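Biologist: I am new to this one. Please put it on the screen, and then I will ask what the terms rest on.

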Amino acid sequence: MLVDYHTHPACHGEVQVNEHLLVRMVETAKALGIKELGLSDHDRLFYSWDKECLEAVRREFPEVKLRLGVEVSYGPSSRLELIRRFLQEPEMDYIICSVHSIDGWSFDEVDQLEGYDRWEPDELYRAYYSNLERGVRHGFGDIVGHLDVIKLFDYRPKSDPVKLAMPVLSAIRERGLTVEINANGLNKPVREIYPEQAIIEQCFAMDIPITLSSDGHSPEDIGRHLNVAKEAAWKAGYRRIATFEKRRRLMVQL
Ligand SMILES: [Zn+2]
Ligand SMILES: [Zn+2]
């Protein structure tokens, strides 16, 4: 079964989310054979649109299950209040835990590339993974977002990427989170899914559940390259994927 559990209806805040926009997203999903579509706007945008329009779209497209989530940028303590609010949302199906910055430096912004010059590659990966591990151990998340996103501008570590990821993988295993196979890396300079194949295989060896996502930021981008993510999961040995309803995980056939 094909699912897309990481999408951004409100994009980066410049889009007004309404029923029409959601219908366009669901139509793209339906055309690709996606059975579950998760809406997971960035945390600061979660309350930027009225969730009441979800019901009308659900009635119109019973063949695509619409799930409601949020992508939390784990980091500054100021977000803790927001996380507490998300945990109390009755309609919340799942929460993605992601890291997009290190000490205030947004390593995924194209206009902050000079920040990479300050780091020795392995130290950069360790700093990123240690932030992610803190987020995982915090305990609010269901899915870990784009696990090795620190590679997006193709800054590669010197040592084995799997070894560098091991502490966070152990935390994910302990805390029972799910790892998404996020196809959006194929649209970035690194031109590779998150996480890379060797890490997906390590997840399989550790019995960590996975799900699939495009990280699409517009209706046209829903499900983009999802077949690549699915093939990577299959190649690693996965035959089941995780879906979420009201923060309960349900495994379905891949
Ligand atoms: Zn993200
Ligand atoms: Zn995202």
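Biologist: Where is the place of Pro195?

Modeller: Pro195 is in the loop between strand E6 (178–182) and H6; strands (E, at least two residues) and helices (H or I, at least four) are DSSP runs, numbered from the N terminus. The peptide bond that leads from Tyr194 to Pro195 is cis, with omega near -15 degrees. This is a predicted model, in which local features need pLDDT of at least 70, side-chain atom pairs count only at pLDDT 80 or more, and totals for chains, interfaces and linings use all residues. Residues are numbered from 1 along each chain as its sequence is written, chains are lettered from A and ligands numbered from 1 in the order in which they are written, and side-chain values use heavy atoms, with hydrogens and water left out.

Biologist: Why is H6 called oblique to H7?

Modeller: Helix H6 (residues 197–205) packs on helix H7 (residues 226–236) at an angle of about 50 degrees, with the axes 9 Å apart. Angles under 35 degrees count as roughly parallel, over 145 as roughly antiparallel, 65 to 115 as roughly perpendicular and the rest as oblique, so H6 is oblique to H7.

Biologist: Which residues make the contact of H6 and H7?

Modeller: From H6 they are Gln197, Ile200, Glu201 and Phe204, and from H7 Ala232, Lys235 and Ala236; contact means heavy atoms within 4.5 Å. By class, this contact has 4 nonpolar, 1 polar and 2 charged residues.

Biologist: What makes H1 and H2 oblique to each other?

Modeller: The axes of helix H1 (residues 19–31) and helix H2 (residues 53–60) cross at roughly 40 degrees and come within 9 Å. H1 and H2 are therefore oblique. In this contact Glu19, Leu22, Val23 and Val26 of H1 meet Cys53, Leu54, Ala56, Val57 and Glu60 of H2. The classes here are 7 nonpolar, no polar and 2 charged.

Biologist: How do you know whether Ile222 is buried or exposed?

Modeller: Ile222 has a relative accessible area of 1%. Buried means under 20%, exposed over 50% and partly exposed in between, with a 1.4 Å probe and protein chains only, so Ile222 is buried. Ile222 is placed in the loop between E7 and H7. Not counting residues up to four places away in sequence, Ile222 touches several residues, among them Asp4, Met25, Leu32 and Ser214. Its C-alpha atom is separated by 10.0 Å from that of Tyr5, 217 residues apart along the chain.

Biologist: Why is His225 called partly exposed?

Modeller: The relative accessible area of His225 is 28%, so His225 is partly exposed. His225 lies in the loop between strand E7 (210–213) and H7. Its phi is near 60 degrees, a positive value in a residue other than glycine.

Biologist: And what does Arg247 count as?

Modeller: Arg247 has 29% relative accessibility and therefore counts as partly exposed. Arg247 is in the loop between strand E8 (240–245) and strand E9 (248–253). Phi of Arg247 is near 70 degrees, again a positive value in a residue other than glycine.

Biologist: What makes Ser73 buried?

Modeller: The relative accessible area of Ser73 is 14%, so Ser73 is buried. Ser73 is found in strand E3 (residues 65–73). Leaving aside neighbours within four places in sequence, Ser73 is in contact with Asp43, Arg79, Ser98 and His100.

Technical notes
Axes fitted to C-alpha atoms, helices over the stretch in contact; angles between N-to-C directions. Nonpolar A, V, L, I, M, F, W, Y, C, P; charged D, E, K, R; others polar.
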